[in-house]
Amino acid sequence: ERILETAERLFENEEYWQTIQQLEPMVRRAEEPTRTRARMLLARAYMKNPQWRKRAEGVLQSVLDENPQDVAACLVLAELYCLANLPARAGALYRKVVEIQPRHAAALQALAALEPQAEGARAPSGLAGLFKRR
């Protein structure tokens, strides 16, 4: 628990490498619910480096494998997919959150923001797109 508190302070101070150094060895031996909190923080720290986003995805997927109803993990993974410009994956996760908690404001807002992107992705391009939009 002390290590996790230290890592949280490091993360708040934007010391992501130190956060990771604290959490990686700790996650293996921690027990629930501390383990889940530590993995969530570790994933968020990984997300700060674009080259480590795959690691973040793996950590978040493992959290969801153990608890598919984990709203926090769904939201962070959706955020990761938004950062990676994968709106369809992000949208699926936001919809999952809304299935779990139908009035979840952040998920509903994110879905609304993603809808115009999805529309634009489906719209035909070129001359055909010009004529079909009218």
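A search of the whole structure turns up three aromatic pairs, where rings of Phe, Tyr and Trp (for Trp, the six-membered ring) pair if their centres lie within 6.5 Å, and planes under 30 degrees apart count as stacked, over 60 as edge-to-face and the rest as tilted. Before going on, a word on the ground rules: this is a predicted model, so local features need pLDDT of at least 70 and side-chain atom pairs count only at pLDDT 80 or more, while totals for chains, interfaces and linings use all residues. Residues are numbered from 1 along each chain as its sequence is written, and side-chain values use heavy atoms, with hydrogens and water left out.

## The aromatic pairs

Start with F11 and Y16: their ring centres sit 5.2 Å apart with planes at 65°, so this pair is edge-to-face. F11 counts as buried at 11% relative accessibility, whereas Y16 is partly exposed at 21%; here buried means under 20% relative accessible area, exposed over 50%, and partly exposed in between (1.4 Å probe, protein chains only).

Then there is W17 with W52, whose ring centres are 5.6 Å apart and whose planes make 40°, so the pair is tilted. This one links distant parts of the chain: W17 belongs to helix α2 and W52 to the loop between α3 and α4, 35 residues apart. W52 is buried, with a relative accessible area of 18%.

## The overall fold

Now for the chain as a whole. It has eight helices and zero strands, with helices (H or I, at least four residues) and strands (E, at least two) taken as DSSP runs and numbered from the N terminus. Read along the sequence, the pattern is simply α-α-α-α-α-α-α-α. Of the 134 residues, 37% count as buried. Take the contacts between residues at least 6 apart in sequence, and 38% of them join residues at least 24 apart; contact means heavy atoms within 4.5 Å.

α3 passes α4 in a left-handed crossing, meaning that the near helix is turned anticlockwise from the far one by less than a right angle (clockwise would be right-handed). On the α3 side the contact includes R35, T36, R39 and M40, and on the α4 side it includes R53, R55, A56 and V59. The residues of this contact divide into nine nonpolar, two polar and five charged. For these classes, Ala, Val, Leu, Ile, Met, Phe, Trp, Tyr, Cys and Pro count as nonpolar, Asp, Glu, Lys and Arg as charged, and the others, Gly among them, as polar.

The crossing of α2 and α3 is left-handed too. Among the residues that meet here are Y16, I20 and L23 in α2, and A38, L42 and Y46 in α3. By class, the α2 contact with α3 has 10 nonpolar, two polar and three charged residues.

M40, R44 and M47 of α3 make the contact with A72, A73, V76, E79, L80 and L83 of α5. This contact of α3 with α5 has seven nonpolar, no polar and two charged residues.

## Backbone spots to look at

A few places in the loops are worth a look. E32 and P33 are joined by a cis peptide bond, with omega about 0°, and P33 lies in the loop between α2 and α3.

E14 has a phi near 60°, a positive value in a residue other than glycine. E14 sits in the loop between α1 (2-12) and α2 and is exposed, with a relative accessible area of 58%. N85 also has a positive phi, near 60°; its place is in the loop between α5 and α6 (87-100). N85 is exposed, at 60% relative accessible area.
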